[in-house]
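Colleague: Could you walk me through how the helices and chains in this model pack against each other? I have the structure open beside me.

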Amino acid sequence: MSVGLDHPEVARFLGRLDAAAAVLPAGRREELVAELREHLRDALAATGGDEAGVRQALDRLGDPADIVAAETEGAVTAATAAGEAAPGAPAVSGSVPWRPVPTAPPASAWGGLELAAVLLLTVGMVVVPVVGPLVGIVLVWVSVRWTRREKVVATALTLLPAVVVAFAALAVLVVVPVTSSTTFDGPAPSPVVVTTAVPAP
Amino acid sequence: MSNVLVLVAVPLAVVALLGPVVAGVYLALRLGRRGGTDVAADGA
């Protein structure tokens with residue numbers, strides 16, 4: 001006996017899936033439901049029609065709400081039987097579980113802007129002194145990946161040392177002329193002999 | 001006098017050079033720890 005999608009348990013599952021998937025965009029909702037229906041059809045065909053097999057196939061899919069919740073995070077897709085089986089893994093008779101697998105790598109914090117900013121601040125300080133870090137700081141402020149506090153800290157770390165050095169250099173320039181003006185470059189003065197007149201007794 | 005200048009200027013120059021490097025490392029660490037989340041929208 002073959003069990004189809006009209007099985008009461010299966011129909012209930014699909015009804016709950018439809019309801020839960022209402023939050024998805026229309027295109028993705030239809031795609032998800034179609035994928036699951038197809039997967040269920042294959043899984044049920046392999047069960048042999050017994051109730052335990054139906055129950056097992058549905059259990060493997062999990063709760064419709066969880067499936068949709070995972071889908072809204074953009075991290076799941078339908079796994080097909082042949083396409084995603086691990087190489088060398090023994091073939092599993094019966095239904096193949098529908099399992100969430102990542103469709104895309106996790107969102108990376110490193111965009112081109114962030115990479116350029118960090119490189120200009122670090123390597124740029126050596127390769128293109130002054131200009132590199134300044135452009136890097138501008139890129140940091142343009143990026144949306146750092147908080148305002150982090151941007152302020154980075155700007156302070158970049159600019160404050162330069163400001164301190166500038167003031168120190170200014171102070172040195174002020175002090176040096178004063179010190180040099182006290183030196184005497186002329187010929188050494190001849191010793192002054194002070195003679196004291198001693199009154200005759 | 002020149003010795004004093006060297007003793008003062010060299011450390012300051014090193015600090016000035018290291019400032020942006022430290023800033024870049026700091027930003028990289030913060031970004032790496034947090035992951036790919038846009039934070040500007042919430043004004044954090």
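Colleague: Is the crossing of H5(A) past H1(B) left-handed or right-handed?
Modeller: Please keep in mind that this is a predicted model. The pair consists of helix H5 (residues 112-127) of chain A and helix H1 (residues 2-34) of chain B, with axes 7 Å apart. Where H5(A) passes H1(B), the crossing is left-handed.

Colleague: Thanks! Are H5(A) and H1(B) roughly parallel or roughly antiparallel?
Modeller: They pack at an angle of about 150°. Angles over 145 degrees count as roughly antiparallel. H5(A) and H1(B) are therefore roughly antiparallel.

Colleague: How many nonpolar residues does the contact of H5(A) with H1(B) have?
Modeller: From H5(A), the residues involved include Val118(A), Leu121(A) and Met125(A), and those they meet in H1(B) include Leu17(B), Val21(B) and Leu31(B). By class, there are two polar residues and one charged residue in this contact. The nonpolar count is twelve.

Colleague: Within chain A, which residues of H4(A) make the contact with H1(A)?
Modeller: Here the axes of helix H1 (residues 8-20) and helix H4 (residues 64-72) come within 8 Å and cross at roughly 35°, in a right-handed crossing. H1(A) contributes Phe13(A), Arg16(A), Leu17(A) and Ala20(A). On the H4(A) side, the residues are Pro64(A), Ala65(A), Ile67(A) and Val68(A).

Colleague: And how many nonpolar residues does the side of chain B that touches chain A have?
Modeller: In total, 29 residues of chain B are in contact with 31 residues of chain A. On the chain B side, five are polar and three are charged. The nonpolar residues there number 21.

Technical notes. Residues numbered from 1 in each chain as written. Chains lettered and ligands numbered in written order. Predicted model: local features only at pLDDT ≥ 70, side-chain atom pairs only at ≥ 80, totals over all residues. Axes fitted to C-alpha atoms, helices over the stretch in contact; angles between N-to-C directions. Helix = DSSP H or I, 4+ residues; strand = E, 2+ residues; numbered from the N terminus. Parallel < 35°, antiparallel > 145°, perpendicular 65-115°, else oblique. Left-handed = near helix turned anticlockwise from the far one by under 90°. Contact = placed C-beta atoms within 7 Å. Nonpolar A, V, L, I, M, F, W, Y, C, P; charged D, E, K, R; others polar.
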